[in-house]
Structures are given as C-alpha cells and as structure tokens.
Amino acid sequence: SGFNSIGHMDTMLRGRHQIGHYKEGEEFIQNVFHVLSQIFTGKEKSDLAICWLQYEISKVIQCLQAKKKKKLKAQGRKSKKLAKNFLKAPDNRNNLCLWKLYAYLEWLLGNTDDARKVFDTALCTAGTGGLKSAQLCSLSLLYAQLEVELLESIEGAVMSRAVHILTKLTENGPYVPYSGQVLSVNVLKARKTYEHALQDYLSKTPVSDHDQVNDTDQLVNLVGCYALFQYLTVGIDAAVLIYTQASEKLEASGSQKCENTGENFGILNFPTALEAVTLLHTNLLRFHMKISVYPLNPLREALTEALKRYPSNQSLWRSYIHIQRKSHSASKARRFFDSVTRSANSLEPWLFAIQAEQMRKKLTEKVQRADVGEIHSTIPETGLTNRIVALFEHAVQSENGTHCPLLWRMYLNFMV
C-alpha cells in the first residue's frame, strides 16, 4: 500500500473500518519486546514486562471499543498466556504491578469471578503494608473502582465488596476475601485511619527527590482510596471535599517550593500528583452522574479549571468533549477552546477542538438526512465546514502543528 502506520491511528475512520493495529507494525513491536526481554535483567526486565502487558491491554480495549468479539477472544487468549508466563518467572511472583494488570485483563475480558480471584490472591500474598505500601494502595484502588462500576445505585453500597476492600486496606492485617458483609464498627475505624494517614501525608515534607517520587504516587493512591471510601459510605459531597483538600494542599506546596528555590526543580512531581488527583475527581463525578441525578456544573467547572492547567491531558479533554455533546449551545465550548489554544503550546487543544466540531458536523448531517415525510430539515451546514477548515489552518501554522503528521493527515482526510 506504499506506507503503513506502525501501531495504530485510531482517530481516523477509513470507510466503515477503524484503522487498527497493522500486521507489520505489530510484528515490529513484538520483535522489539522479545529482543529487549533477552537483554534486560532484574528490575528493568520487570518494568519491561509491565510495559508489554499494558500494551496488550490497550489492544484488548481497542477490540472492546470496536465490538469485535472474534478478535477479542483471540487477543484475550494471547494476552492471558503472556501475563501467566510473566508471573511464572521467579522475579515477578511478588510483583503487585503485574498481578494488578493481569487481574485487570481478566476483568476486561468479562471474567469477573476469575479477576476477583486474582485480585484476592494478590492482596493475600501482598503482606501487611496497609496504607504505607504504595503498590498495595494502587492494587486496592483499582479493585474497588472496578467493583464500584458494577453498582447500579449508591444506596446500600456500604455493604458492597468495594467497601470491604477499602476497609481491609486500613487494618494492616492479612487480607480476608469478601464474605458478603461489612461491619459498621470497621467502617468507622477505617474512616479514622484514612483521615490520620491523609493528614500525615499532607503535613510531611519529603527528604530527597526519590522519597518525593514515592510520596506523590502514594499520596495520589491514598486520596483515591479515601475519597472512594467516603463516596460509598457517606456520599458524593464528602468525596469531593477530600479531593478539594488534597488539591489545595498540593497547590500550596507547589507554590511554596517555587518561592523557596526560585525555580521549578523542587516540585517536578507535584504537578503530576495534582493532575492525577484532578483526574480521579472528574472521573468520580462522571460516574456519579451516570448512576444518579446530579448537576452538570461541578463537573464542567472542575474540567475547565483542570484543562487550563494541563492543556495536554487527553483524558480530561475526552471528558470535556463528552459533556459538551450534551449541551445544545456550542458557543461556550468554542470560547473555552479558543482561550486554551491561545495560551497553550501543546497540540492537544487544537486536535480536540477539531474533533468536537467534527462531531457536531456529523450530528447536524444526521439530522438533515432524517426524512420526515415531505419535509427535510434545512440547517445551513457550510458554517461548520468553514470553521473546521479554519481550525485546521490555524493548527498547522502553530509551532508543533507544522511537524505533526497526524494533524496533516486529518486535514487531508477532511478535505477529501
């Protein structure tokens, strides 16, 4: 065909088929992984295994999104075999990150009971680090989040498996799998433990850079677990309060460090922690709106604030576009995109602004094509086409846009 993209470009549709993973690109990537796994040893080898498994999971997610059942089955078999082989290696047996990814893979493939067994096994063998262990917190957080997504409403969630997982995490004892009930006294104790742990983390100052990296990871996991726990046992407002407290503290630490050092080195990891906390916050609000009645404004405000600060975060942009599709007025979103593209150097705001307009165009065309007896709706559509072309023109003139093959290909694709 002249040229192939390595990996995938899932932003462009070709006819009815989405462009997926190409055979040649896929072979190339697999070869790279195989060669590297023979060269690396020890921790590097484990890190490579984690990257490899994350890549396999991304392919499973792609199959799920494209609703290709046959391909999903085959991909699932391959990915599971790989994951099991990794976990058989003596170095990886206690690697909680790999266990977590394997359980997540099983969950994505729809094997909920198998995934729970893997999670439970990992938590039982993980020891008794409790809230002090970043990996244990991260594992429990993912397990609880997946369980919460199965809930149909927040009522009666206090007795759910998710609360059991988050409660056990605070007890510093060996993990006991869920038996169908959670004691109220344990919930109260857990809330106190979370509260004290969060206060300790927010008030302590890291000694070295290495400590700081670990601390920020740990803080994000801790905030995530505590907020989810509060959401299930008290309600959405209690969870939002924790995210707000943590964000304020992180912002304050960030600006204080800047003043002290006069430069940005000290807080290299604070923006990432703040970004991760913001992401947890917006995702929880989105989930809550899905299962109950809740105003859109808190989520919209949280997203616009976050995007001004992190204009290159794709997950936040996706959420923003998702909620904007529900509103009939495009002007607010357009003004926001305009202000962000002017102030940010990154290309994401341009790409998402274009995507939002293309979605709107698709929707308009769909309405226009709907035949209602003799009447055809006649909304003049040229305005949107011109707007999209103008956005492309501005985007390719920007510093990063000029050198972005994806942008040029999207532009050509649109013009065709």
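## Basis of the description

Helices (H or I, at least four residues) are DSSP runs, numbered from the N terminus. The model is predicted, with local features requiring pLDDT of at least 70 and side-chain atom pairs counting only at pLDDT 80 or more, whereas totals for chains, interfaces and linings use all residues. Residues are numbered from 1 along each chain as its sequence is written, and side-chain values use heavy atoms, with hydrogens and water left out.

## Positive phi in two loops

Most residues other than glycine have a negative phi. N172, in the loop between helix 7 (161-169) and helix 8 (184-203), has a positive phi near 60°, and its relative accessibility of 46% makes it partly exposed (between the limits for buried, under 20% relative accessible area, and exposed, over 50%, with a 1.4 Å probe and protein chains only).

K67 lies in the loop between helix 2 (42-66) and helix 3 (69-88), where its phi is likewise positive, near 55°, and its relative accessible area of 71% places it among exposed residues.

Helix 6 (residues 134-149) reaches 23 Å from its first C-alpha to its last, close to the 22 Å expected for its 16 residues, the expected span being 1.5 Å times one less than the number of residues. Because 12 of these 16 residues are buried, helix 6 is largely enclosed by the rest of the structure; among the buried residues are L141, A144 and V148.

L228 touches L141, A144 and V148, among others, not counting residues up to four places away in sequence, where contact means heavy atoms within 4.5 Å. L228 is also one of the residues that touch the most other members of the largest nonpolar core, which has 115 residues (a set of buried Ala, Val, Leu, Ile, Met, Phe, Trp, Tyr and Cys residues joined through side-chain atoms within 4.5 Å). Helix 9 (residues 209-233) contributes the largest share of this core, 11 residues.
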